[in-house]
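Please have the sequence and the structure open side by side.

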Amino acid sequence: MTLKEAMKYRGETLNSLAKLAEVSTNTVERWVQPGALEKLSAARLQQIAKALDGGVLITEDGCEVELYGGRAK
């Protein structure tokens, strides 16, 4: 799933994910754009995965977000 879909499933907004990841809302706005996750460092992807209680898979088609547990709001 995309980052935007994962955020929606978890009930996160741009502002709430920005607070969880300790970045600005503008940064999260850039992350949700198509192809943006592929440009991020592994450490940043790990930070996003931790904030959403999930993981980020890097595939030949790009990056996908997987969610773990039942943290849905």
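Which residue just after α4 takes a positive phi? Asp53 does, at about 55°. The model is a predicted one, in which local features need pLDDT of at least 70 and side-chain atom pairs count only at pLDDT 80 or more, while totals for chains, interfaces and linings use all residues. Residues are numbered from 1 along each chain as its sequence is written, and side-chain values use heavy atoms, with hydrogens and water left out.

**Overall layout**

- The protein has four helices and two strands; helices (H or I, at least four residues) and strands (E, at least two) are DSSP runs numbered from the N terminus.
- Along the sequence the pattern is α-α-α-α-β-β.
- The radius of gyration is 11 Å, which agrees with the value near 11 Å for a compact globule of 73 residues; this radius is taken over C-alpha atoms, and the globule rule is 2.2 Å times the number of residues to the power 0.38.
- Taken along the principal axes, the box filled by the C-alpha atoms is roughly 30 × 25 × 20 Å.
- The accessible surface is about 4,700 Å², and 51% of this surface belongs to carbon and sulfur atoms; the areas come from the Shrake-Rupley method with a 1.4 Å probe, and for residues only the protein chains shown count as cover.
- Of the 73 residues, 36% are buried, where buried means under 20% relative accessible area, exposed over 50%, and partly exposed in between (1.4 Å probe, protein chains only).
- Contact means heavy atoms within 4.5 Å; among contacts between residues at least 6 apart in sequence, 44% join residues at least 24 apart.

**Nonpolar core**

- In soluble globular proteins, nonpolar side chains tend to be buried together.
- A nonpolar core is a set of buried Ala, Val, Leu, Ile, Met, Phe, Trp, Tyr and Cys residues joined through side-chain atoms within 4.5 Å.
- The largest such core has 19 residues, and those with the most contacts inside it are Leu3, Leu17, Val28, Trp31, Leu37 and Leu52.
- At least two residues of this core come from each of α1 (3–10), α2 (14–21), α3 (25–31), α4 (42–51) and β2 (62–67).
- α4 gives the largest share of this core, four residues.
- Not counting residues up to four places away in sequence, Leu3 touches Leu17, Trp31, Val32, Leu37, Ile48, Leu52 and Val65.

**Helix α2**

- Leu17 lies in α2 and counts as buried, at 0% relative accessibility.
- Leaving aside neighbours within four places in sequence, the contacts of Leu17 are Leu3, Met7, Glu12, Val28, Ala51 and Leu52.
- Leu20 is also found in α2, but Leu20 is partly exposed, with a relative accessible area of 43%.
- Leu20 and Lys50 are 30 residues apart in sequence and 8.9 Å apart in space, C-alpha to C-alpha.

**Helix α4**

- The buried residues in α4 are Leu45, Ile48, Ala49 and Ala51.
- They cover an arc of only 165° around the axis, so they are on the same side of α4; the arc is that of the directions from the helix axis to the C-beta atoms.
- Their cover includes α1, α2, α3 and β1.
- The face of α4 turned away from the buried side carries the exposed residues Ala42, Ala43, Gln46 and Lys50.

**Strand pair**

- β1 (residues 54–59) pairs with β2 in the antiparallel sense over six bridges; pairing requires that DSSP finds at least two bridges between two strands.
- Two residues stand between β1 and β2 in the hairpin that they form.
- Leu57 is opposite Glu64 in β2.
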